[in-house]
Amino acid sequence: MKKSIEISDNIETLFGTRDENLHVLEEGLNINIDLRSDSIELEGAPRDVARAEQVFADYDHLQRSGRTFNNGDLNSMLRVLMADPKATLRGLAEAGRQRSFGRRTVQPKSLNQRRYLEAIEQHDMVFGIGPAGTGKTYLAVAMAISALLAKRVNRIILARPAVEAGERLGFLPGTLQDKIDPYLRPLYDALYDMLDPEKVDRYLEKNVIEIAPIAFMRGRTLNDSFVILDEAQNTTSEQMKMFVTRLGFNSKAVITGDITQIDLPSARRSGLLEAGDVLKHVEGLSFVYFDESDVVRHHLVQRIIRAYDEHKARMAEQQQMSLLEAKNGPNGKASDTGVPRENRAVPSPELPSEE
């Protein structure tokens, strides 16, 4: 099927740098887009062409209503559209406009980010698990600030395990708070990005926003609070159980972590991994998993994460092959015994028979 669309004013801003947005549409919908002097030609299956036509119509409507797109937001929304057949550009843009967090308006940049925000709205406890740069912590802090400003909660509590990734806390200068602040810095960064610095400092001073290591949570009951546990992959099983049982009335908890970056000693199992096994069937919580396609940092980060995943898979395969070779021996046949050669019985030589 072929369809011709008349070019409207400023429609070229939809195309993106080097027509990258058109390439997203072509690949996602399996259509061809041909730019003419006075029209846009679409060719493909009727359903796919109709969907592409709807994207152009939605973009024209959003432009006429004064909507502008910045910092790759449009490209991100188009990728969400390709992943979710029920989504529309107009619906995504208008939903994004409603998500105002302090001085920021946050637009989900992937389908999983959208699911993550919806899960936080609908559930009292949400686990966000995935690689670095997928927005797990930033979006959780954004939702916490939104709940605080709307007076749905009275305070925000941000916690992290102070597990040392090769460094020693005792050698860092200053008080205990000075020692743990570097571990909590990503949480501070998100706060200062969404609220005026004076307001953040005032909230911190009055304990409306509290930032603390997870060890400080023991024995507390957290009512009317939005609680975030960041870097949860570095909690022990005991710490995770302690944290998820702190939740009080009218509270929400979001637990984020990257199970590929566990800094615990090898003998300790990550509390986040165990929680995934123990709590996956508990009603009222939600698990949202991210992958490299959700990374919203520099495009190189996606490639780097993919390269590490492929390297890990190759190493696991090589280890498996080494184990098989050790079991079967160099000739590919199973060894005749499991007894070391020096311990095997040697048959006695035959003695000459007496005649």
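## The parallel sheet

Six strands form an open sheet in the order β8-β7-β9-β10-β6-β11, and their pairing is parallel. The edges of this sheet are taken by β8 (209-213) and β11 (285-289), each of which pairs on one side only. On average, and with direction ignored, neighbouring strands of the sheet are turned by 15° against each other. The model described here is a predicted one.

At one end of the strand order, β7 (residues 155-160) is joined to β8 in the parallel sense over five bridges. Within this part of the sheet, Arg160 stands opposite Pro213 of β8.

## Nonpolar cores

The largest nonpolar core holds 35 residues, and of these Tyr116, Ile209 and Phe226 touch the most other members. Two or more residues are contributed to this core by each of α5 (111-122), α6 (136-149), β7, α7 (176-194), α8 (197-205), β8 and β9 (225-229). The largest share, nine residues, is supplied by α6. Apart from this core lies another one, of 29 residues, which includes Ile31, Tyr59, Leu62 and Leu92.

The surroundings of Tyr116 can be described in more detail. Residues up to four places away in sequence aside, Tyr116 touches Val126, Gly128, Gly135, Lys136, Leu139, Ala140, Val254, Thr256, Val288 and Phe290.

## Helix α10 and its cover

Helix α10 (residues 271-278) has as its buried residues Gly271, Leu272, Ala275 and Gly276. Viewed down the axis of α10, these buried residues fall within an arc of 145°, and they therefore line one face of the helix. The cover over the buried residues of α10 includes β6 (125-129), α9, β10 (252-257) and β11.

At the start of α10, a side-chain oxygen of Ser270 comes to within 3.2 Å of the backbone nitrogen of Leu272, and Leu272 is itself among the buried residues of this helix.

Gln239 is placed in helix α9 (residues 237-244), and its side chain reaches the backbone nitrogen of Thr236 at 3.0 Å. When residues up to four places away in sequence are not counted, Gln239 touches Ile214 and Asn234.

Asn234, one of these two partners of Gln239, is found in the loop between β9 and α9. With a relative accessible area of 5%, Asn234 is buried, since the cut-off for a buried residue is under 20%. A polar atom of the side chain of Asn234 lies 2.6 Å from the backbone nitrogen of Asp263.

Leaving aside neighbours within four places in sequence, Arg246 is in contact with Met217, Gly219, Arg220, Thr221 and Leu222. Between Arg246 and Asn223 there are 23 residues of separation in sequence, while their C-alpha atoms are 8.9 Å apart in space. The side chain of Arg246 also makes a polar contact, at 3.1 Å, with the side chain of Thr245.

Notes: Residues numbered from 1 in each chain as written. Predicted model: local features only at pLDDT ≥ 70, side-chain atom pairs only at ≥ 80, totals over all residues. Heavy atoms only, no water. Pairing = 2+ DSSP bridges. Helix = DSSP H or I, 4+ residues; strand = E, 2+ residues; numbered from the N terminus. Axes fitted to C-alpha atoms, helices over the stretch in contact; angles between N-to-C directions. Polar contact = N/O pair within 3.5 Å; in protein donor to acceptor, adjacent residues only side chain to side chain. Contact = heavy atoms within 4.5 Å. Buried < 20%, exposed > 50% of the residue type's maximum accessible area, 1.4 Å probe, protein only. Arc of directions from axis to C-beta. Core = buried A, V, L, I, M, F, W, Y, C linked by side-chain atoms within 4.5 Å.
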